[in-house]
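Here are my notes on the model, point by point. Please read them with the structure open.

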Amino acid sequence: MAKVRTIDIINKFNLELLAGEEGVNRPITTSDISRPALEMAGFFEYYPAERVQLLGKTELTFIEKLTERDKQMRLEQLCTDLTPAIIVTRDLEVPKELLEAAERESVPVMRSRQKTTRFSSHLTNYLESKLAPTTAVHGVLVDIYGIGVLITGKSGVGKSETALELVKRGHRLVADDCVEIRQEDQDTLVGTSPELIEHLLEIRGLGIINVMTLFGAGAVRTHKRISLNIDLEIWDKNKTYDRLGLDEEKMKIIDTDITKLTVPVRPGRNLAVIIEVAAMNFRLKRMGMNAAEQFTNRLADVIEDGDVDDR
């Protein structure tokens, strides 16, 4: 099933449909937009027909200077069975030859009042967001001090309970149980909640609670960029856990690596506070302040100076 169809951009940008109504359900498969300047000059050898075609003042002015035969031939070539849409900007008059060709080939021709460059930017951003690679992860996403923290771990380890405590401490829930993630850029992951479970938390023994109803609109948000992964696991006495914080693990989601911290779970540990501090420490590291490295450097200096007692 196509993620975006021509009808979606008509509704999104309030475009005026002028011709090719039968093709409004054509799929749009790429966020790239074409301004067919070379094609208007007659060069169709590398015509990217699968892209949305954008005609501005420059293209339409050039078209008007063509002979009737060239105008008709080139506008007919512009309309193919792959072309999802042709959009005319600045509310300019659309050549009748284009409307006739579009009707024959069922290529939607729309018109926008916006300037060409501005509309191209808005449309590109919209398509990149909608067509971005997506996946789903079992976990909880919380906005902690502006850091999107993805909490993962096996079922029953306490992810939702920890998220509830974080919400009580003033942080914001994005998604519980299932986090839908899209890669909007090469290193940008944005998490959202499936519509069915948006604002909901499942707490064993209590059932499902609505966080927005209980704590207010300030306790939730619709989406958040993911920067940090906290993986909760049951404490294993035979496993050696990182005590300094020098080793940095990574979690790969789609094509992006994010920092991963493994936090062991056992009675008496306040996971909400630990995760809260982990988010603050992550922010400090991004600002160039690494407590673990500073301690290691100070220890090395002390050892080098010979000031460490021989114990």
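1. Which residue in β3 is the bridge partner of S34? Q53 takes that place. β2 and β3 (residues 52–55) run parallel, joined by two bridges. Helices (H or I, at least four residues) and strands (E, at least two) are DSSP runs, numbered from the N terminus.

2. A word on the source. This is a predicted model: local features need pLDDT of at least 70, side-chain atom pairs count only at pLDDT 80 or more, and totals for chains, interfaces and linings use all residues. Residues are numbered from 1 along each chain as its sequence is written, and side-chain values use heavy atoms, with hydrogens and water left out.

3. The sheet is open and has five strands, with mixed pairing and the order β1-β5-β4-β3-β2. Its edge strands, β1 (16–19) and β2 (33–34), each pair on one side only. Pairing requires at least two DSSP bridges between two strands.

4. α6 packs on the sheet and touches β2, β3 and β4. Contact means heavy atoms within 4.5 Å. The direction of α6 makes about 165° with that of β3. Axes are lines fitted to C-alpha atoms, for helices over the stretch in contact, and angles run from 0 to 180 degrees between N-to-C directions.

5. In the contact of α1 with α6, D8, I9, K12 and F13 of α1 meet F119, H122, L123, Y126 and L127 of α6.

6. Just after α7, G170 has a positive phi of about 105°.
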